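Let's take a friendly walk through a protein model. Keep the structure open beside the text as you read.

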Amino acid sequence: MAFDIDMIKKVYSQMVDRVDAAREVVGKPLTLSEKILYNHLWDGKATKAFTRGQDYVDFAPDRIALQDATAQMALLQFMQAGKSKVAVPTTTHCDHLIQAKDGASSDLKNANDVSSEVFNFLESVSNKYGLGFWKPGAGIIHQVVLENYAFPGGMMIGTDSHTVNAGGLGMVAIGVGGADAVDVMAGMAWELKFPKLIGVKLTGKLSGWTAPKDVILKVAGIVSAKGGTGAIVEYFGEGATSMSCTGKGTICNMGAEIGATTSTFGYDDSMERYLRATDRADVADEANKIRPYLTADAEVYANPEQYFDQVIEINLSELTPLLNGPFTPDLSTKVGKDMNAIATKNDWPIQVEWGLIGSCTNSSYEDLSRASSIAQQALDKGIKMKAELGINPGSEKVRYTADRDGIIGIFEKLDAKIFTNACGPCIGQWARYSDPKNAPKNSIVHSFNRNFAKRADGNPNTHAFVASPEITAAIAIAGRLDFNPMTDSLITEKGEEVMFDEPTGWELPPKGFEVKDNGYLAPEADGSGVVVKVNETSERLQLLTPFTPIGSKIEGAKLLIKAYGKCTTDHISMAGPWLRFRGHLDNIANNTLIGAVNAFGKKTNFVKNQLTGEFGGVPDTARAYKAAGVHTIVVGDHNYGEGSSREHAAMQPRHLGVTAVIVKSYARIHETNLKKQGMLGLTFANESDYDLILEDDTFNFVDMADFAPGKQLTLEVVHADGTKDTIMLNHTYNQPQIDWYNEGSALNLIKKENA
């Protein structure tokens, strides 16, 4: 039986009336995305049609999911909100703080030893405030959510950018910062700019070596890493309905890599099969009652150009396996000869040292079974592994079932390393090198979602390429980046020339799923007696002190750093070894912007302190300015804050005295996170004004007293030689967001309203 079935029934019971009302107000047929959005309006039935990409709208999400790295700060904030229990179903998942090194058993034991303080804190806070708790080793948050909580037509938010994975079960599931989650946990509305809509029509059918992963790799290559910003991507067509539910999840998961608000598919037979296979027949029965409301109106898919802002069409029958990378998930190349030519031209290492299968993106039973069919062929044909292979199962349910069915054993016979049911290398929790910064140039292939520099192993020289699990397995066995399993042969240990057959696998386990201990702990019905303790001397956890309002007088501010080129949340607040400080704001602030490239000198973590004339690290320089009572400014390029939803990337600069971040354009989640923390997230009205900013500049905000929705702000830039430039800045703040700024943060406003 499903978790929270009464909540799901309530969502479905109101959906028909609300969608019918919305269709009448909008005056045309509705996409699935619109149906879900209008069914979750905070104020109930729609009374007006919202303008995509323009209107801010209050929503009422059905549930929240937190992962351990971001849950710490979110729950530390919720503890200040003055509430005794979360207002909507919420779960905490321990999957980020488990480092991959020796294998599942020893790695999990080590994590429980090293991070016991954090796990105990999260368990106790969850118990006190009514959150479900998934223990370390239970699985990766998004796979666990898909197996247990996702449901067609629902809306959820999560403190991880890959929350969007739940779109594989027909949800509108959106990654947010912890402050957004705290709003909803405290019983308040969640605000989102009404998204634009991108329709992706899938014709034909996947076959052979081509997998659902190749669909999103193709889409990323078409629209780029920021092309989906502010939009929901809705997939439809015969190709969509022919894919498995977990395959749909893979596609939705990597929608985060094109900046999409989320991605989703209409409810179909594959989703029903998955629900029933994961002990949620009750959800499937309820969904079937309103089935037409859990997909778009027929007219929409018949004439998509009339209802979507952009339409992309992909013929799955013509799609071929792809490799995306290195260093960006939208650089798409066909396997084989194309990769050889491009790799040779760019001096990418052809030899592959590791293949990694798993992560929240590709760790389902189907993924492991198809990859294992390639591994079994290597055993049967006598092909020796040329690279190392690592496996991260998505959940204990998947691992236990795959082990029962012999799938894990196949990988073990190839000497693959079976890591814990956790994120591991995907988010930098991989003890591959003792000295990552000075590690050699190399290539790896993985079925993960992100491949930014230093992302997996901390080595800036690791060229990471994203592929499907089956292609990852084949390339790892071959040991060559340019290997094409459809055309290329390998030499066996006996000297014979052989080729791989096409991969095979199971959509769902033929004997059903099975698990002995899924790792779930339910909270106390009444948590009032639970005591949450945080040691004042802890280096891992720190109770929060409310931010002080910045105010309307910002004069004499100094440039902290002018970031050059790509500046993701990994550059602003690195993961990897820094994950240990995610619950301690002051300690983790020591990694603030240390990965960003300074436009002056093109070095990382090396900026000028205008007060002393000396150069030093970004955090140290920021602390020096803060101690002197001097505001600081960060300047950035396009799509600033791309990547993870981590709010630390906003909280850390705020903690260190950064007043404003001024860029050419933002990734959606990061811009919201800046607003939530009571600081200024602004964009150049004229992008070329980025070039006017010099290393010794001082900034004066001329008209902050008139800060208002839709009104530009004026910035006076004073150069070291006394000359000045006046530039105009745009913003997207509405009045409630300006109220956050005036109060010092959104949380400050929540506390004030609760009081």
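## A covered helix

The buried residues of helix 18 are covered by, among others, strand 12 (322-324), strand 14 (352-357), helix 15 (365-381), strand 15 (388-391), strand 17 (442-446) and strand 19 (490-491). Helices (H or I, at least four residues) and strands (E, at least two) are DSSP runs, numbered from the N terminus. Among the buried residues are Pro469, Glu470 and Ile471. Just after helix 18, glycine 479 takes a positive phi of about 80°.

Before going on, note that this is a predicted model, in which local features need pLDDT of at least 70 and side-chain atom pairs count only at pLDDT 80 or more, while totals for chains, interfaces and linings use all residues. Residues are numbered from 1 along each chain as its sequence is written, and side-chain values use heavy atoms, with hydrogens and water left out.

## A barrel of strands

Now look for the barrel: seven strands close into it in the order 22-25-26-27-30-29-28, with mixed pairing. The twist averages 40° from one strand to the next; axes are lines fitted to C-alpha atoms, for helices over the stretch in contact, and angles run from 0 to 180 degrees between N-to-C directions. Helix 21 (residues 618-627) packs on the sheet and touches strand 22 and strand 25, its direction making about 175° with that of strand 22. Contact means heavy atoms within 4.5 Å.

Which strands does strand 22 join through bridges? Strand 22 runs parallel to strand 25 (residues 632-635), with four bridges between them, and antiparallel to strand 28 (residues 698-701), with two bridges. Two strands pair if DSSP finds at least two bridges between them. Lysine 558 has threonine 632 in strand 25 as its bridge partner, while alanine 557 stands opposite phenylalanine 699 in strand 28. Strand 22 (residues 557-562) is mostly covered, with six of its six residues buried.

How many cavities of 30 Å³ or more does the structure hold? There are seven. On a 1 Å grid over the protein atoms alone, a cavity is a set of points where a 1.4 Å probe fits but cannot get out, and lining residues have an atom within 4 Å of a point. Grid points are joined across faces, edges and corners, and a volume is the space filled by probe spheres set on the points.

The largest cavity has a volume of about 210 Å³. Of its 22 lining residues, Ala256, Gly259, Gly643, Ala667 and Ile669 lie nearest its centre. The second largest cavity has a volume of about 170 Å³ and 21 lining residues, with His96, Asp160, His162, Ile427 and Arg455 nearest its centre.

## A glutamate in a loop

Is glutamate 257 buried or exposed? Glutamate 257 is buried, because its relative accessible area is 3%. This glutamate 257 sits in the loop between helix 10 (245-253) and strand 10 (262-265). Leaving aside neighbours within four places in sequence, glutamate 257 is in contact with His162, Ser224, Ala225, Pro329, Asn449 and Arg450.

Methods: Buried means under 20% relative accessible area, exposed over 50%, partly exposed in between (1.4 Å probe, protein chains only). On a 1 Å grid over the protein atoms alone, a cavity is a set of points where a 1.4 Å probe fits but cannot get out, and a pocket is an open set with protein on both sides within 12 Å along at least five of seven lines; lining residues have an atom within 4 Å of a point.
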